[in-house]
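Please look through the model below before reading on.

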Amino acid sequence: MAGATKTDYWKPAKDKPLDEMVGAGMLNFDRTLAIREHGPATPDSPAPGNAPGNNSEENFRGGWSYNALTPLSNAVYAFELDKPASDVNVALAYHRRVDPAELRNLRTGQRTWLGLPYATRFRLELVKIDDPANPVVLATSDSDVDNVQYIHLPTLAPGRYSLAVFRYADPGHPEPWDYALAWRMDVQ
């Protein structure tokens, strides 16, 4: 999703992170491969992709991470831009789980398995951290409808930034929950 190319009519639906018709945009294999080649990143360490890699996109910055969070915890990925960036895309995806449950028919006594789908909640933020005492949240994705959070910005000024992933309280599922994060942008 982070490698998707936006169409002229791309616009996220109200209270949802993605466009109703085209999702994150049109699939772009080259951009997605470049993201893959510039990862993985780990939380609380400088994110890869700050310098051009060995691919043909010299103005590309990006990377990815696969991690897990327990309830009420977060992960932060920092990066710097020395030049303005355009077409900034950040995608966070996490699985929906199906918890096992049984239902017993009181009349026949038969048991039936019911799969109960469940998804925890995550929030994604892009924060400008040039002044650590006064961080500025530039964009947030906090949809409670999907198992995806997505941020798209047409431009981003030079500076220091962080991508912050937060997991909400989840009394029914205290175990770590996996997520995948990917980002890309073109530096001018």
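**Notes on the predicted model**

1. Asp87 sits in strand β3; strands (E, at least two residues) and helices (H or I, at least four) are DSSP runs, numbered from the N terminus. Its phi is near 50°, a positive value in a residue other than glycine. Most residues other than glycine have a negative phi. With a relative accessible area of 17%, Asp87 is buried, where buried means under 20% relative accessible area, exposed over 50% and partly exposed in between (1.4 Å probe, protein chains only).

2. On the source: this is a predicted model, in which local features need pLDDT of at least 70 and side-chain atom pairs count only at pLDDT 80 or more, while totals for chains, interfaces and linings use all residues. Residues are numbered from 1 along each chain as its sequence is written, and side-chain values use heavy atoms, with hydrogens and water left out.

3. Leu72 also has a positive phi, about 60°, although it is not a glycine. Is Leu72 buried or exposed? Leu72 counts as exposed because its relative accessibility is 71%. The residue lies in the loop between β1 and β2 (74-81).

4. Now the overall layout. The protein has one helix and 10 strands, and along the sequence the pattern is α-β-β-β-β-β-β-β-β-β-β. The C-alpha atoms fill a box of roughly 70 × 40 × 30 Å, taken along the principal axes. Of the 188 residues, 41% are buried.

5. Contact means heavy atoms within 4.5 Å. Among the contacts with a separation of 6 or more, 71% are between residues 24 or more positions apart.

6. Which residues of α1 are buried? They are Arg31, Ala34 and Ile35. These residues cover an arc of only 100° around the axis, so they are on the same side of α1; the arc is that of the directions from the helix axis to the C-beta atoms. Their cover includes β1 (60-69), β3 (85-93) and β10. On the other side of α1, Phe29, Asp30 and Arg36 are exposed. At the start of α1, a side-chain oxygen of Asn28 comes to within 3.2 Å of the backbone nitrogen of Asp30.

7. Pro17 belongs to the segment before α1 (29-37). Pro17 counts as buried because its relative accessibility is 5%. Between Pro17 and Gln149 there are 132 residues in sequence, yet their C-alpha atoms are 5.8 Å apart in space. Leaving aside neighbours within four places in sequence, the contacts of Pro17 include Trp10, Pro12, Ser141 and Tyr150.

8. Asp186 is part of strand β10 (residues 177-187). Asp186 is buried, its relative accessible area being 16%. Its side chain makes a polar contact of 3.1 Å with the side chain of Arg184. A polar contact is a pair of N or O atoms within 3.5 Å; within protein, one must be able to donate a hydrogen and the other to accept it, and residues adjacent in sequence count only if both atoms are side-chain atoms.

9. Last, the surface: the accessible area of the protein is about 10,400 Å², and 55% of it belongs to carbon and sulfur atoms. Such areas come from the Shrake-Rupley method with a 1.4 Å probe; for residues, only the protein chains shown count as cover.
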